[in-house]
Every structure is written in structure tokens, then in C-alpha cells.
Amino acid sequence: MPQPVEVVIMGQTFSVTSDDGEEHVREVAAHVDRTMREIASRGKVVSSFTAAVLAALNIASEWHKLRQTVAETDAAIERLADRLATAGDATGAIKERAIRNG
């Protein structure tokens, strides 16, 4: 069972338990803390809750964009793999004809 990891976000300490490991938890918490501090530094946020919601929206936007990029990359890889398979089939057919024709 994973051990709780103490992290500090915007001056508040949280005890987080995760199967992803301590280093991962610390990196994620640091990202959330940086995002919230950036939002708070703009001077328009009046509460930690508002900063947290805006940080969540920013992080969710980053995640969504990365997810789209991964999907586009997967599709490009699949198209290239299909082209390679087609080229391989054509090369094999050419070699086979050359062997038959001597």
C-alpha cells in the first residue's frame, strides 16, 4: 500500500496517497502550485478556491491539447505504417516477378 506524501500547494500542506509514487506526486503538486501561483500573481484572483478552479481549467486545457496531439501523432504513425506496408508489398511483388522472369 502506498505511503502518504506530504506536499505544499499555495502554503497549504496536503497528504496525498497515490499508486504513481512519491516523485510523481511531488512533480504534479509542484505543477499545480506553480500554476496557482502564476494565476494569483496576476492580481485578479480573490480566493484560493478561485485560483484552484482557474488552475484546474488551465491544467485541463493543457491535458486536452496534449491528448489531441497524441491522437494526431497516432493517426500519422498509422498512415505511415500503412504506406510502409503497401511499399513493402509492392517491393515483394516486384522481386517475385523478377525471380519468375529470371
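This is a predicted model: local features need pLDDT of at least 70, side-chain atom pairs count only at pLDDT 80 or more; totals for chains, interfaces and linings use all residues.
## Overall layout

The secondary structure of the protein chain comes to 2 helices and 2 strands. Read along the sequence, these elements follow the pattern β-β-α-α. Strand S1 covers residues 5-9 and strand S2 covers 12-16. Helix H1 spans residues 22-41, and helix H2 spans residues 48-101.

Of the 102 residues in the chain, 12% are buried. The accessible surface comes to about 8200 Å², and carbon and sulfur atoms hold 58% of that area. Among contacts with a separation of 6 or more, 21% are between residues 24 or more positions apart.

## The loop between the strands

Met-10 sits in the loop that links strand S1 to strand S2. The phi angle of Met-10 is near 50 degrees, which is a positive value in a residue other than glycine. Met-10 has a relative accessible area of 25%, so this residue is partly exposed.

## Salt bridges

The count of salt bridges comes to 3. Side chains of opposite charge can pair when their charged atoms come close.

One of the bridges joins the side chains of Glu-22 and Arg-26, with an N to O distance of 2.9 Å. Both residues lie in helix H1, 4 residues apart, or about one turn of the helix. Glu-22 is partly exposed because its relative accessibility is 47%. Arg-26 is also partly exposed, with a relative accessible area of 40%.

Another bridge pairs Arg-37 with Asp-33 at 3.0 Å, N to O. These two residues are 4 residues apart in helix H1, so about one helical turn separates them. Arg-37 has a relative accessible area of 43% and is therefore partly exposed. Asp-33 has a relative accessibility of 15%, which means that Asp-33 counts as buried, the limit for buried being under 20%.

A further bridge connects the side chains of Arg-42 and Glu-38, at 2.8 Å from N to O. Arg-42 counts as exposed because its relative accessibility is 51%, the cut-off for exposed being over 50%. Glu-38, at 47%, counts as partly exposed.

## A nonpolar surface patch

Phe-49, Val-53, Leu-54 and Leu-57 form a nonpolar patch on the surface. Together, the four residues have about 400 Å² of accessible area. Phe-49 belongs to helix H2. The relative accessibility of Phe-49 is 64%, so Phe-49 counts as exposed.

Key:
Residues are numbered from 1 along each chain as its sequence is written. Side-chain values use heavy atoms; hydrogens and water are left out. Patches are made of residues with over 30% relative accessible area and no salt bridge: like charges are joined within 9 Å, nonpolar side chains (Val, Leu, Ile, Met, Phe, Trp, Tyr) within 5 Å. Accessible areas come from the Shrake-Rupley method with a 1.4 Å probe; for residues, only the protein chains shown count as cover. Buried means under 20% relative accessible area, exposed over 50%, partly exposed in between (1.4 Å probe, protein chains only). Contact means heavy atoms within 4.5 Å.
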